[in-house]
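Here are my notes for your first look at this structure. Keep the sequence and the 3D view open while you read the points in turn.

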Amino acid sequence: MAGKLFIVGVGPGHHDHMTFRAKQVIEESDTIVGYETYVNLVQDLIDGKEVHRYAMTQEVERAHQCIELAKAGKIVSLVSSGDPGIYGMAGLIYEILAQEGWDRKEGLYVEIVPGVSSLNSCAALVGSPLMTDFAVVSMSDLLVPWEIITKRVEAAAQGDFVIVIYNPASKKRIHQLQDTRKLLLKYRPPSTPVAIVKGAYRESQEVVLTDLENMEKHQDKLGMITTVIIGNSSTYRYEDMMINPRGYTSKYDIAEPQSRNK
Ligand SMILES: C[S@@+](CC[C@H](N)C(=O)[O-])C[C@H]1O[C@@H](n2cnc3c(N)ncnc32)[C@H](O)[C@@H]1O
């Protein structure tokens, strides 16, 4: 039987936010591959299957192994958190297949199963922060030089984009978010709303609403499963939410919000 390779986004962590298709292909697969934390997220769906758990930083090896297993006839699910096409494994798999001269129609069956990315899940927990144009920047400079990341942050700040920050910090990467905050303060007032979401839809979930001035008081919330959302010039706080107005109040006759930046 011909093998298949599914690159599956399992969403933020809770099965309620996993797509029907993701669950279906994991059940259909005989082999599950993934970073151990992601495999743990689907533990209850994979009993009796061949499971390959990897430690962090073994992505290239993991991608090659998935392709080889599928070519050998296995039905493989490579699991990623969130969406596999956003800072996930989809890119590496396609890069390797392209190098091999893979034929999409005649060659190995590969399917990306999209998932709810962190930007969706974190936004949902803090109101409506992404109603207008936004930019997404990863603070990880393992694969992208820090000067390029800074350039992107500055362009997003100049363009008044709401900014979603993935990979804000790790034990060894501390200065990146601090430098970004300083850079943003050149363009945005200290009162600009900021949301810090740790472990969205996981048992460890913590949500902090703060602002550019005070965000450094919440360093303890930063880590491998934290996403930060920084408002733009029209974003305001309402209770424990961040609202990015769609623009209707200026176009239509909708009353101004009762309170801002509570
Ligand atoms: C390598 S990226 C993977 C992103 C993933 N493919 C996605 O679409 O969400 C890892 C980053 O995703 C974010 N992240 C993953 N799970 C999260 C969660 N449950 N809550 C908040 N942020 C999360 C964090 O910024 C983390 O550093």
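**Notes on the predicted model**

1. Next, the division of the chain. The protein is split into domain 1 (4-116) and domain 2 (119-251). The centres of domain 1 and domain 2, taken over C-alpha atoms, are separated by 28 Å. Seven residues from domain 1 and seven residues from domain 2 make up the contact. On the side of domain 1 that touches domain 2, three residues are nonpolar, four are polar and none is charged.

2. Which residues come nearest to the ligand? Of the 22 residues around the ligand, these are Gly-82, Ser-117, Ser-118, Ala-200 and Thr-227. The elements that supply two or more residues to this shell are α5 (118-125) and β11.

3. Nine of its residues are nonpolar, eleven are polar and two are charged. Each of domain 1 (4-116) and domain 2 (119-251) gives at least three residues to the shell.

4. Now look at strand β2. This strand is mostly covered, with five of its five residues buried. Strand β2 pairs with strand β3 (residues 50-54) in the parallel sense, over five bridges. Within this pairing, Gly-34 stands opposite Arg-53 in β3. In general, strands of a sheet pair through backbone hydrogen bonds, either parallel or antiparallel.

5. Why does Ile-32 count as buried? Ile-32 has 23 other C-beta atoms within 10 Å, and a residue is buried if 20 or more lie within that distance. Ile-32 belongs to strand β2 (residues 31-35). Leaving aside neighbours within four places in sequence, Ile-32 is in contact with Ile-26, Val-39, Ile-46, Lys-49, Val-51, Ser-77 and Val-79. Tyr-201 is 169 residues away along the chain, and the C-alpha atoms of Ile-32 and Tyr-201 are separated by 23 Å.

6. Asp-47 sits in the loop between α2 (36-41) and β3. Asp-47 is exposed, because 7 other C-beta atoms lie within 10 Å and a residue with 12 or fewer is exposed. Asp-47 and Ser-29 are 18 residues apart in sequence, and their C-alpha atoms are 11 Å apart in space.

7. Finally, there is an open sheet of three strands, in the order β6-β13-β12, with mixed pairing. β6 (127-128) and β12 (236-238) stand at the edges, each with a single partner strand, so one side of each has no neighbour in the sheet. β12 and strand β13 (residues 241-243) pair in the antiparallel sense over three bridges. The bridge partner of Tyr-236 in β13 is Ile-243.

Terms used:
Residues numbered from 1 in each chain as written. Predicted model: local features only at pLDDT ≥ 70, side-chain atom pairs only at ≥ 80, totals over all residues. Helix = DSSP H or I, 4+ residues; strand = E, 2+ residues; numbered from the N terminus. Contact = placed C-beta atoms within 7 Å. Near = placed C-beta within 6 Å. Nonpolar A, V, L, I, M, F, W, Y, C, P; charged D, E, K, R; others polar. Domains from an automatic or database assignment. Pairing = 2+ DSSP bridges.
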